[in-house]
Each structure stands twice: as structure tokens, then as C-alpha cells.
Amino acid sequence: MNKKSIILSCLLAFCLALSAQNYVAVSPGASDEDILKAALAVRPSERQMNWQEMEYYGFIHFGINTFTGQEWSDGTNPPELFNPTALDAEQWVKTFKAAGMKGMILTAKHHDGFCLWPTKTTSYSVQKSPWRNGQGDLVREVADACRRHGLKMGIYLSPWDRNHPTYGDSPAYNQIFRDQLTELLTNYGEMFEVWFDGANGEGPNGKVQQYDFESFYTLIRRLQPKAVIAIMGPDVRWVGNEAGRGRDPEWSALPVGAASRRTIAENSQQNVTENMFVPKDARGADLGSRHLLKDTEAMIWYPSEVDTSIRPGWFYHANQDDKVKSVDKLEDIYYTSIGMNSTLLLNIPPDQRGLIHDNDIKHLLELRKRIDNTFANNILKSAKIKAKSNGRKYSANRNITDADKLSFWRAATTDKDPVIEFSFCKPTSCDRLLLQENIRNGQRIENFIFEVYNNGQWKKVAEGKTVGYKRILRFEKTTFSKARIRFTGFRAAPEIIEAGLYLSK
Ligand code: FUL
């Protein structure tokens, strides 16, 4: 790009950021066409965009359960049990960095109510534990290590609290929860994500707490305007299962009902002993295709996050040391999350020493190696690229292989069958297609087909529905000297920011 187009692109991005709207109202009785306009008008906010670009980050589940072998404890375990012998947050952060992750989300408080920082809101915390003679602050240690190594930090704070005496007395507990948020969001530097779990296993005779979520959101926006609020929150959607799988189609532009807290809570895991990492409905479900938009009051930008654990449990259990997910399985998860228009939040639970186990580290590093090797060489860089049509000033050519977030190809608005064609001087092999849509201008693509030309004819190799921020298709290794992508369904002229063909290693 020359100087002038760089300045223009920056200006454009600035204007878009100012006008980005992640909520677009639809008037009652609106026509299909008007609803579609709203679906196209909805855009990621700047904080959603920054979060989406992180792609891969990790969870740390660590707390009182680490020392009792439990997944959900009821808040009665004595705090004295919390006693890691060699805790080293640096080791966690270095492992995440080496794995290629961009951030770390720490369970500051899980459902049992045990707080990993010396909070003023309860005595059920590290202060009452022997760890660092009751002087420890794990949130501080993680925050410091993250800053030192350039990893972003996020906080998981469970709304469900099985220890706090005020839980169930709605106004009193809401104030406690706001106080906890205030402590976490003012004393530890910048946070990129606040994670609110929808799980609650109180059962029919349990306590009923009416959470004042709106007040939690207002507080977070004030204290940490850059942080996204996930799951029981307006910015980031739980993909709907804990098995590491996104959908096809995976729409980020969705009818507002997708953010209903009631539905999220109802679908959240209710009983950890059963079906924990078993895929539920997410695979087949479709949340945002055209026929599902009817009667919506508004469209929202609500992108998906895939959360899953590297082990069978969220917390560490020594008897799961040989059950760390295989590198093949983790690689598969990479493709069904990051490769399916979602971010990946992979849980790595430290052990009772307070260290990440060697088995987990080995698989994480091996995964990174595979991904890095596979995506090191974009074969398209040596191709001649030609689009059937180009929107004014948006030619396919180098724009889609230049790794520039702002330069892109757009098909002409009149083109009913947009195609980008690639030709190579010699036969070339690949088994991965990567596409990134210019989501700053909304999510548009509904269907696409990848074809190669051999023996005088075009043959379909793979196809997908949505693209969104990033889509990766896997297929059998195929050799060709000409290939093309046909966009067979779209809501407005497709815009591609990056495209790549790769051969897996
Ligand atoms: C679930 C919780 O119940 C699990 O224990 C874990 O924290 C997971 C990330 O979310 O809803």
C-alpha cells in the first residue's frame, strides 16, 4: 500500500470504529429485507474486535478444589486446605506464552466462594490459608507475571457463591459481588475479559439469587472499558458446549434473543458429574441464518468463544495425568474453534504444587509446533490471483495475502456469482483453506465452495457456510495448478481480508 492509501485506510478504520454498532434495532413487522439490512449493519465494537484478534488464550482453574479432588465444592471446605507447595505464576505465564496463547483468565472465585485474593468481602480466602502465611495474593502474582511477559489477563468471578452468607439475599449479595468486582478491576491493572459463569446447581430447594447483572455491567464498563464481558454478558457468547466445537454456520451477527441470560443459564452445565465434555446441541444448531431472523427485535454482534479443558476435569486431579487430551485431539479442537469463527479458551489446571504438569506442557508445545508449521507458508503468495469482479479500489490480488488487517478484496455489488481464481506456474498441493472476512464491515458470507482444476474440469474439494473472522477448511491433500473459491451465498458483496492455502505438517 502507498502512503496515501495507508492514511485513507486509517481514517476509514477510525470512522468505522466510531460508528461501529453492535446493536441494531429492528422495527416491529419489518420486512425480511429490512431485517437483513439490520443483520448487515451490525458490527463488532472495538473491544470485541481486539478480543477476536487474540484468537487463542487460556483458562486457569485453580482453587480449593485443586486440593480436594472436587469439581464443584459446596463452600464448606476449610481454607487451610489451600496450600500449594511450589506455586509459580511465572511458570503458568511462560507456558501460555510458549503455547502461543495471548491471554490468561484466572478463576479468582469459583462456585465454592473461595477467593484467591485477600478480599474485604469475605474471610473465605487465601488470607485464611497457610499459603505464604496468609499473606499471599494469587491475583496479584498472576497479574504481575502477565505484565512481565506481555500476556493479557482476564478474570473469572462466579456469580453463584456457595459460601457467602448473603447469597440468596439479592440486594446484599449483589453489593458484595460489585465490591468483589471493584477490588479485582481496580487493583490489578488492565483486564481483557470478565467471565461470568451461567452454572448454578442450587436445585429446587436451593437459594434463589436475583442477580443485578445490569449494575455489574455498568461497573465493569466504568472500571475496565476495554474488557469484554463473556457468557452471562453482552460481548462474548458461550458456544454452547464444553467439547471444543463451534458450528457451521457460526454467525456472529445474531438475533438479540441469543444473548438472553435466562437461556444461557438454562443451557449452562447443571451437573458436572454427567456429560461434562460431551458435545451437546451446538454442532447441528444454527443461530443466525436468514430464516431464524424473523420477528427479532434487534440484531446484535455476539461472537462465540469455545471453552474446553485439556483434561477431563476443569480442576486438576492427579488421576487424570494420563488423560491429557492428545495433540491430535487438541489440533482438531483448534480447527473446530479458531477455524470456525470462534476464539479458543483452553483450560490448563495447575496441580497441588501450584505448577502446570509436564504432560500438559508437552502437548501444548507440540500443538503450537504443528499449527506454526502448517501455517508458516501460504501457498497463495506464489499464485497469480484474479477475481471475477472487483469492487472499486478493492482488487483481490495482493490485498488478500498481505497480512494487512485493513486491505481487502470486495466483489462488485452487481456480481451474482463472485469468484477468486488462483493459478500457479507449477502443480501445487494443499489440504487447508483459510479465509478471513472483513468483519469490520459486518458478516456477509453464507456459503462458499473451494474447487480445483484438473484434467479439463473443475472439481469441488471442500465447502463451508459462514466465514466470519476466520474459517479454516480441512480436506484431503489435493494437487492442482489452478484453484478457485466461489461465493455461492452472501448477504452483501463478499469482502475478504486474508486468504490462504496451506499444506499441513
Ligand atoms: C462451568 C463450571 O460449572 C465449571 O466448573 C467450569 O468453571 C466451566 C468453565 O464453567 O459452567
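The crossing of helices α4 and α5 is right-handed. In this predicted model, the axes of α4 (residues 89-99) and α5 (residues 138-149) come within 9 Å and cross at roughly 40°. Angles under 35 degrees would count as roughly parallel, and α4 is therefore oblique to α5.

- Helix α9 spans residues 327-337 and helix α10 spans residues 358-374; the two pack with their axes 9 Å apart.
- The handedness of the α9 and α10 crossing is right-handed.

**Ligand surroundings**

- There are 13 residues around the ligand, and those that come nearest are His61, Trp72, His110, His111 and Asp197.
- By class, this shell is made up of six nonpolar, four polar and three charged residues.
- The side chain of His61 places an N or O atom 2.7 Å from an oxygen atom of the ligand.
- For Trp72, an N or O atom in the side chain is 2.9 Å from a ligand oxygen atom.
- His110 has a polar side-chain atom that lies 2.9 Å from an oxygen atom of the ligand.
- On its own the ligand has 300 Å² of accessible area, and the protein covers 98% of it.

**Backbone features in loops**

- Most peptide bonds are trans, and most residues other than glycine have a negative phi.
- The peptide bond from Asp248 to Pro249 is cis, and its omega is near 10°.
- Pro249 is in the loop that runs between β7 (237-238) and β8 (253-255).
- Glu55, a residue other than glycine, has a positive phi, near 65°.
- Glu55 is located in the loop between α3 (46-52) and β2 (56-60).

Technical notes:
Residues are numbered from 1 along each chain as its sequence is written. This is a predicted model: local features need pLDDT of at least 70, side-chain atom pairs count only at pLDDT 80 or more; totals for chains, interfaces and linings use all residues. Side-chain values use heavy atoms; hydrogens and water are left out. A residue is near a molecule or strand if one of its heavy atoms lies within 4 Å of it. A polar contact is a pair of N or O atoms within 3.5 Å; within protein, one must be able to donate a hydrogen and the other to accept it, and residues adjacent in sequence count only if both atoms are side-chain atoms. Accessible areas come from the Shrake-Rupley method with a 1.4 Å probe; for residues, only the protein chains shown count as cover. Ala, Val, Leu, Ile, Met, Phe, Trp, Tyr, Cys and Pro count as nonpolar, Asp, Glu, Lys and Arg as charged, and the others, Gly among them, as polar. Axes are lines fitted to C-alpha atoms, for helices over the stretch in contact, and angles run from 0 to 180 degrees between N-to-C directions. Helices (H or I, at least four residues) and strands (E, at least two) are DSSP runs, numbered from the N terminus. A crossing is left-handed if the near helix is turned anticlockwise from the far one by less than a right angle, and right-handed if clockwise. Angles under 35 degrees count as roughly parallel, over 145 as roughly antiparallel, 65 to 115 as roughly perpendicular and the rest as oblique.
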